[in-house]
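Here is a short report on one structure. Look at the sequence and the model first, then read on.

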Amino acid sequence: MPRAAVPVTSASRSGVALTPTTGDPVNNHYVDNDGRTGIVVKNTGSTVARTVTFRLARTVDGFSVSPRTESLTVGEEQLFGPFAISEYGGRLLVDVDNAELKLTPIRI
């Protein structure tokens, strides 16, 4: 199943508006990654913690590496990254467990 691309906002000294993308737990997402990309993830829900997963692109001795999974409590917002291309690839795969998670990729 194809993943949905999430547009990356480039930082600017004059400032830029941040526009979050609603998480899609069915199709999930990818972000173009140049090694200087971070993602602001916000749990907009009001009842339970939600989980975001960053999939690693590399393998060790031919075996997949366990993805990085983070939990965000109700109303919590965190900035993750940057994501090394050697570990996460040029296309960072991001999975969410619920549409209550909002994603805002930022390139610094």
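## The nonpolar core

The largest nonpolar core has 16 residues. A nonpolar core is a set of buried Ala, Val, Leu, Ile, Met, Phe, Trp, Tyr and Cys residues joined through side-chain atoms within 4.5 Å. Buried means under 20% relative accessible area; exposed is over 50%, and partly exposed lies in between (1.4 Å probe, protein chains only). Those with the most contacts inside this core are Ile 39, Val 41, Val 52, Phe 54, Leu 92 and Val 94. Strands S5 (37–43), S6 (50–55), S11 and S12 (101–107) each supply at least two of its residues. The largest share, three residues, comes from S11. Strands (E, at least two residues) and helices (H or I, at least four) are DSSP runs, numbered from the N terminus.

This is a predicted model: local features need pLDDT of at least 70, side-chain atom pairs count only at pLDDT 80 or more, and totals for chains, interfaces and linings use all residues. Residues are numbered from 1 along each chain as its sequence is written, and side-chain values use heavy atoms, with hydrogens and water left out.

## The sheet

Five strands form an open sheet with mixed pairing, in the order S1-S4-S11-S6-S9. Two strands pair if DSSP finds at least two bridges between them. Strands S1 (4–5) and S9 (68–72) are the edges: each pairs on one side only. S4 (residues 29–32) and S11 (residues 91–96) pair in the antiparallel sense, over four bridges.

## Val 31

Val 31 is found in strand S4. Val 31 is buried, with a relative accessible area of 1%.

Val 31 and Arg 91 are 60 residues apart along the chain, yet their C-alpha atoms are separated by 5.7 Å.

## Aromatic rings

How many aromatic pairs are there? The count comes to three. Rings of Phe, Tyr and Trp (its six-membered ring) pair if their centres lie within 6.5 Å; planes under 30 degrees apart count as stacked, over 60 as edge-to-face and the rest as tilted. Phe 54 and Phe 83 form a tilted pair: 4.9 Å centre to centre, 40° between the planes. Phe 54 lies in strand S6 and Phe 83 in the loop between strand S10 (77–80) and helix H1 (85–88), so the pair ties together parts that are 29 residues apart in sequence.

Phe 83 and Tyr 88 form an edge-to-face pair, with 5.0 Å centre to centre and 80° between the planes. Phe 83 and Tyr 88 are buried. Phe 54, Phe 80, Phe 83 and Tyr 88 form one aromatic cluster.
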